[in-house]
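Please consult the sequence and the structure shown here.

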Amino acid sequence: MMKRTLVLITLIILMAPLVSAGELTYYPNQGAFQAFLDSNSTYTVIAGNETWAKAWAYYVDEKLSTVKQHGNETLVLIGNVYNNPMIMILWPQTGLPENQSLLPGIIVLNHSVIITGSEDNIYLTERAFEKLWNPPLESKVGFVVLLVIIAWVFLLTLRNDKSHAGSFYSLTLSLFMLWYLTSPIPKMSEVFLEYFFQGLKFAVGGSVDSPLGAMLGVLFKIVPPIEENLVFAHWVLILLLISFSFYISPKRARELGFIVFGLTFASPMFREHLHHIDWSVLGLTSFLITLAIISNVTFSPEIVKALLQTLVLSLFTLLTIAINPYLLPIPAIFALAFPKRHLRNYAYLLMSALGVALIYTQFGFPVNIPSHMTPECWDYIAKFFFNTALAILAITYAVIYREKSMKMRGQTPFLAMLAVFYIPLALFIPEILPYCFVILASLTARMLYGLTPQT
């Protein structure tokens, strides 16, 4: 019995270096890899002979280049013993079974670092680099320039409205900067990591299984695929999301955009969806831009110009649907809310339908609406109504005290129809809840505007 206990303890000690958070393992330990990152040694990345290994090598090379110089002092090998001959040669030094190389791991040897895995899991090794934060100078400059351009364009435009919108937008910008300066660096979610890997494969000439992976692949052909650039893009999208809040408020009262911003961003539940790098921010931004186009564009009577305007609206709608397929009914709800412009509505429905068909035939369209509510849904819904109580009370007040002769028309019925359709659907699909925040906040601003004397 004593011998068995000693053997068990020995096995535990031997396996301890392989244990780490999640599924990622380190050998001999995580400290050895951190020492490599902190050292001044140069490196050369050698990928396996499969597309996925070359894709991940592209990421690792760009990531290491932020802290190291290229050279021959350390070989960084990507893949496994079955697709990378260099790993096959060095693998006996590890003393590990060959099948171990199919699992996500970081192995540090003398003058070599081996990053192992297979096509299904190698993206998990990103967790070994997520604390490495050293954005290149061009990324920082580009980020600041984009923020300044966006802020300046919206500030000038809102100040030209001859209202207090510019002042409220300036206040919003100060809150945005305070939020940015006090927030931790967001990390990629597990789901986004898979799309991130798809984008890398597309960038090196491989195929992808989703339009989102293809979009990332196009981006990675332009900018390096490192977390720093994704974080900067994340904050740029948040600024756009905040800025377009002022353009889904009534044209004559852009300052009510501050109410839209306040009702959404003051909610902890809404902000939870912005704490990680995933598709939430891009989906919400494209959705808000779609609402802004619908709320502001006076479609031209000229056929060609009207078709171009409808095409732009369709493109942002398709981007929204590609990120969240449950928003597919938006074009139909739009046509019901604005029934008079038949040609525009038919064009919008046709363009959107053709785009969805293209997405479906090229990538598949994974819509699977649940037929029943899960226990977690009740928790989400309870939190949702608690976080939107102020908006719901304001809407109720506006409905009760508005003039009976006043008719709701234009964008208000459209938002009301979206709320009636999507809030009950959120009982089954919690992924829709962030969009419901935006819908309710926008509807609140328009209902309150309906109570003002000038209307």
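**Strand E5 and its surroundings**

Strand E3 (residues 74–79) runs parallel to E5, and five bridges join the two; strands pair if DSSP finds at least two bridges between them. The model is predicted: local features need pLDDT of at least 70, side-chain atom pairs count only at pLDDT 80 or more, and totals for chains, interfaces and linings use all residues. Residues are numbered from 1 along each chain as its sequence is written, and side-chain values use heavy atoms, with hydrogens and water left out. Helices (H or I, at least four residues) and strands (E, at least two) are DSSP runs, numbered from the N terminus.

**Pairing**
- Gly79 stands opposite Thr116 in E5.
- Strand E4 (residues 105–109) is antiparallel to E5, with five bridges joining them.
- Leu109 has Ser112 as its bridge partner in E5.
- E4 and E5 form a hairpin with two residues between them, and His111 in the turn has a positive phi of about 65°.

**Burial of E5**
- Because five of the five residues of E5 (residues 112–116) are buried, the strand is largely enclosed by the rest of the structure.
- Buried means under 20% relative accessible area, with exposed over 50% and partly exposed in between (1.4 Å probe, protein chains only).
- In a regular strand the side chains alternate between the two faces of the sheet.

**Thr42**
- Thr42 lies in the loop between helix H2 (30–38) and strand E2 (43–47).
- The relative accessible area of Thr42 is 16%, and the residue is buried.
- Beyond its neighbours within four places in sequence, Thr42 is in contact (heavy atoms within 4.5 Å) with Gln69, His70, Gly71, Asn72, Glu73 and Thr74.
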